[in-house]
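Here are my notes on the model you sent over, as a handful of numbered points. Have the coordinates open while you read.

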Amino acid sequence: MTYSRTTRILHSLIALTISFQLIVSLVMEHPANKRPMSQAGAFWFEWHEWVGLAAMAVLLVSWIYRLANFKREGQGQLFPWTNAAGRKALMTETGHFLTLKWKALADTGPLAGTIHGLGLLIATAMAVTGSILYIGLWPDDVVTPNVHTMMEVHSTLATIMWIYLYGHVIIALWHQFAGHASIAKMFSWR
């Protein structure tokens with residue numbers, strides 16, 4: 001499948017912002033009522049906030065673009081489970097996957113589309129909860145019970161995104177070395 005330049009740029013920006021966020025979350029500190037943040041922890045937390053807002057903006061643009069070009073660029077491929085034919089095709093491909101008939105799996109099939117769609121949904125949920133936290137913590141970084149609950153949800157989503165990211169990279173590499181050239185297609189600037 002050939003991806004439009006806009007899709008490739010948005011994918012790259014989402015990959016960069018989400019990867020940055022996950023890596024920074026390993027060294028940053030988050031606000032807590034019982035202890036102040038260290039200078040380094042606060043520095044990285046601020047970067048996490050600002051890049052998180054950028055990620056939210058990129059995801060918003062991505063959703064608008066995807067909705068505006070839904071049929072023309074086959075955006076429905078991201079959510080094949082939303083119609084009967086897509087669910088049937090997804091079940092067939094899932095069967096191939098589970099029975100290790102991996103050569104029968106296309107890099108643009110309904111299973112791959114579902115995986116990409118789930119990644120987009122997870123990233124969006126992370127960005128939305130992060131944006132809610134940004135607003136909830138503003139201006140003094142006071143952690144209320146509601147903010148604490150949202151921090152737990154955001155943290156759980158981050159764990160899910162780590163798992164997704166590892167799997168996504170492994171499968172993308174597998175597709176690349178299986179001859180599908182999917183990484184080359186996604187990151188080609190032609």
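How many salt bridges does the count come to by the rule used here? The answer is in point 2, after a word on the ground rules.

1. Ground rules and overall build. This is a predicted model, so to speak of local features a pLDDT of at least 70 is needed, side-chain atom pairs count only at pLDDT 80 or more, and totals for chains, interfaces and linings use all residues. Residues are numbered from 1 along each chain as its sequence is written, and side-chain values use heavy atoms, with hydrogens and water left out. The chain has six helices and zero strands; both are DSSP runs, numbered from the N terminus (helices H or I, at least four residues; strands E, at least two). Read from the N terminus on, the elements go α-α-α-α-α-α. Along the principal axes, the C-alpha atoms fill a box of roughly 55 × 35 × 30 Å. Of the 190 residues, 35% count as buried, where buried means under 20% relative accessible area, exposed means over 50%, and partly exposed is in between (1.4 Å probe, protein chains only).

2. The salt bridge. The count comes to one salt bridge, the rule being a side-chain nitrogen of Lys or Arg within 4 Å of a carboxyl oxygen of Asp or Glu. The partners are Arg35 and Glu29, with the closest N and O atoms 3.9 Å apart. Arg35 is partly exposed, with a relative accessible area of 38%, and Glu29 is partly exposed too, at 23%.

3. A nonpolar surface patch. Leu26, Val27, Phe43, Trp44 and Trp47 make up a nonpolar patch on the surface, with about 530 Å² of accessible area together. Patch members need over 30% relative accessible area and no salt bridge; nonpolar side chains (Val, Leu, Ile, Met, Phe, Trp, Tyr) are joined within 5 Å, and like charges within 9 Å. The areas come from the Shrake-Rupley method with a 1.4 Å probe, and for residues only the protein chains shown count as cover. Trp44 sits in helix H2 (residues 39-68) and counts as partly exposed because its relative accessibility is 32%.

4. The second largest pocket. What is its volume? The value is about 700 Å³, taken as the space filled by probe spheres set on grid points that are joined across faces, edges and corners. The lining has 33 residues, and Met28, His30, His48, Leu133 and His154 lie nearest the centre. For the definition: on a 1 Å grid over the protein atoms alone, a pocket is an open set of points with protein on both sides within 12 Å along at least five of seven lines, whereas a cavity is a set where a 1.4 Å probe fits but cannot get out; lining residues have an atom within 4 Å of a point.

5. Helix H1 (5-24), H2, helix H4 (110-137) and helix H5 (145-180) each supply at least two lining residues. H5 gives the most, with eight. By type, the lining of the second largest pocket divides into 17 nonpolar, twelve polar and four charged residues; here Ala, Val, Leu, Ile, Met, Phe, Trp, Tyr, Cys and Pro are nonpolar, Asp, Glu, Lys and Arg are charged, and the others, Gly among them, are polar.

6. Backbone spots to look at. Most residues other than glycine have a negative phi, and most peptide bonds are trans. The bond from Trp138 to Pro139 is cis, with omega near 0 degrees, and Pro139 is in the loop between H4 and H5. Asp141 lies in the loop between H4 and H5, has a positive phi near 55 degrees, and is partly exposed at 28% relative accessibility. Leu100, in the loop between helix H3 (84-98) and H4, has a positive phi of about 60 degrees although it is not a glycine; Leu100 is exposed, at 61%.

7. Distances in sequence and in space. Trp50 and Tyr134 are 84 residues apart in sequence and 9.4 Å apart in space, C-alpha to C-alpha. Trp50 is in helix H2 and is exposed, with a relative accessible area of 52%. Arg5 and His154 are 149 residues apart in sequence, and their C-alpha atoms are 31 Å apart. Gln21 and Ile170 are also 149 residues apart along the chain, with 20 Å between their C-alpha atoms.
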